[in-house]
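Me: Please take one part of this structure and look at it closely. Then connect that part to the rest in a single answer.

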Amino acid sequence: MGPALLAVSTLAAPPAFSGVADAIALLVVLAEFAMLRSALARTQVRLYAFQSLCVVGLAVLLAALRHVPEAYAVAGISFLIKVVVIPAVVLRLLAGVETEVAGSERLKVASMTLIALAVAAFGLFILEAVPVTSTLPVAALGLAMAAVLVAFLLVILRADVVSQAIGFFALENGVSVASLVLASRLPLLAEVTFFFDLLVAVVFFGVLVRVHHGRTGTLSTEVLDRLRG
Amino acid sequence: MELSVYTIQLVQDLMVVGLAPFLSGAISHMEARLQGRRGPRILQPYYDLAKLFSKETLVPEQASWVFLAAPVVAFTCYLIVPLLIPELTTFGLPLGYMGDILGGAFFLALAAFSISVAAAETGGPYAQLGSSRAMTFAALIEPTILFVTFVVAIITTTDLPYAEAATARASLGQAVRPSHILAAFAFFLAVLSDTARIPVETHSSTLEFGMIDEARTLEHSGAAMALLKWGSAMKQVILYVLLINVFAAPWGLSSTRDASSVLLAIPIFFGKALGVGFLFALIDNSFSKLRLFKITEFMAAAFLLSVLAILILYVGHA
């Protein structure tokens, strides 16, 4: 009796470009899931830097494969602003501040993960319903949507100012992934405008964190329970 | 010289039975070295088994025949599962189609169930505590295993471990497709949990309050204990086979019935298994054990990866 042969029809693997783009988008979403449960503000900042690095990687990949020289510039500016400047500025702002943000979760971690999973699934299925008929990596687009929704959840479910600021920045990363996948030939000027918006947000959140911590001595937003005229 | 498929099947089982204690010993040795200790001999588990087999078997007063039958049932289950999974060959062996991944999982679950029932009827508080915890966490990790099986089923249109391994070997695109990697990682976390490793459990601990799997066997002794320990080592090899030869690195298996090629697959597998063991030892040394009520977070992370694998497979065929 000879070796039994397996005759199964397998689901074709995605093309290399789609596979790598999907994997990078997946890392962006997973970084957000990690942010949801991280106990230290500096861990969140590092996760944000890692997430931004993934976005830079995606931009370089697209620049190389689609022959878009502008995307290299976008990758370079992204690296400078999101991987180096923003994490450094936020860490600098947090210097001397007790960065323990554990306990700011409004729900238990396992429950938050399950809700985030449901939200991510919602994002993925919404994008599947959109009739995109091109060679775009559909999963990456869906994952970008999922990243945006999970970032919203991060802002909602963590009651501390650092998580809320990082949630906003992470949301921008989700939008970046979507814009890179959908419109990698977006004019450089438009991209630079986005980065400027982001920088303004960083300054705004920086001031907010300092003022809030100065007044209440904590990073938690739970103490903000009264409206004063 | 060509071996018959039935001989190869027998060699597979003998490999798991004979070399499982060696793998456990080698991992313990590596772990000790990483901690700066001299550690036990690599062959220590064999000496332990020999010692236990020569000892008297004691049965708690309240326990019935189930207490003595459980180690035998569990050991038998661990003998059956190796028949279903690709250990040495890329081609399916005749008994390999007796059951799919779920079939193997059922046998592993039956083994765990019989050990837990035996622990529950001893009347010993720690054994019962371990039994209750083991069943709870087994139920929590089960969805992850199911979703990993679904990934295999969607990709290969079967849920045979041989088919998934063949698919991953077929092209680099299949081996690195995001859903496959996610499923492999989720399964890796499930293996960490099922082999009683940190962050779920300290397998070498003697502190009863932190025990899960280990506590279940506290009341056993003699030959019954030897069978349980041996079975536990075999379970570890079985899970490593699934992790390595189905998901992570299904290369180096024999594609012919040639004796030299089949026998060469044994050291190749153990080389890969020692690599995984080293990784586990590193994790053991780098992380601390999670508090009991934090283990659900670990299970949630494994579940998250497996569900994401299904989602991106379903939505984007990634």
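**A nonpolar surface patch and its surroundings**

Reply: Seven residues of chain A, namely Leu53(A), Phe79(A), Leu80(A), Val84(A), Val85(A), Val89(A) and Leu199(A), make up a nonpolar patch on the surface, with about 520 Å² of accessible area together. Patch members have over 30% relative accessible area and no salt bridge, with nonpolar side chains joined within 5 Å and, in charged patches, like charges within 9 Å; a salt bridge puts a Lys or Arg side-chain nitrogen within 4 Å of an Asp or Glu carboxyl oxygen. Areas are Shrake-Rupley values with a 1.4 Å probe, where only the protein chains shown cover a residue.

The model is predicted, with pLDDT of at least 70 required for local features and 80 or more for side-chain atom pairs, while totals for chains, interfaces and linings use all residues. Residues count from 1 along each chain as written, chains are lettered from A and ligands numbered from 1 in written order, and side-chain values use heavy atoms without hydrogens or water.

The main contributor to the patch is helix 3 of chain A (residues 69-94), which supplies five residues. Leu53(A), by contrast, sits in helix 2 (residues 41-65) of chain A; helices are DSSP runs of H or I with at least four residues, strands are E runs of at least two. With a relative accessible area of 42%, Leu53(A) is partly exposed, the class between buried (under 20%) and exposed (over 50%).

The loop between helix 2 and helix 3 of chain A holds His67(A). This residue has a positive phi of about 55° although it is not a glycine, and its relative accessibility of 64% makes it exposed.

Chain A as a whole has seven helices and zero strands. Its C-alpha trace spans about 80 × 45 × 35 Å along the principal axes. The chain exposes about 10900 Å², 70% of it from carbon and sulfur atoms. Of its 229 residues, 48% are buried. Among contacts (heavy atoms within 4.5 Å) in chain A between residues at least 6 apart in sequence, 78% join residues at least 24 apart.

Leaving aside residues up to four places away in sequence, Phe269(B) touches Met15(B), Val237(B), Tyr240(B), Val241(B), Ile244(B) and Asn245(B).

A search of the whole structure finds 17 aromatic pairs over all chains. One is edge-to-face, between Phe269(B) and Phe270(B), at 5.3 Å centre to centre and 80° between the planes. Pairing needs Phe, Tyr or Trp (six-membered) ring centres within 6.5 Å; planes under 30 degrees apart are stacked, over 60 edge-to-face, the rest tilted. Both Phe269(B) and Phe270(B) are buried. In chain A, Tyr48(A), Phe168(A), Phe169(A), Phe204(A) and Phe205(A) form one aromatic cluster.

Chain B also has a loop, between helix 8 (178-194) and helix 9 (222-248), that contains Pro199(B). The peptide bond from Ile198(B) to Pro199(B) is cis, with omega near 15°. Ala196(B) lies in the loop between helix 8 and helix 9 of chain B, and its phi is near 55°, positive in a residue other than glycine. At 4% relative accessibility, Ala196(B) is buried, whereas His67(A) is exposed.

Conventions
Buried < 20%, exposed > 50% of the residue type's maximum accessible area, 1.4 Å probe, protein only.
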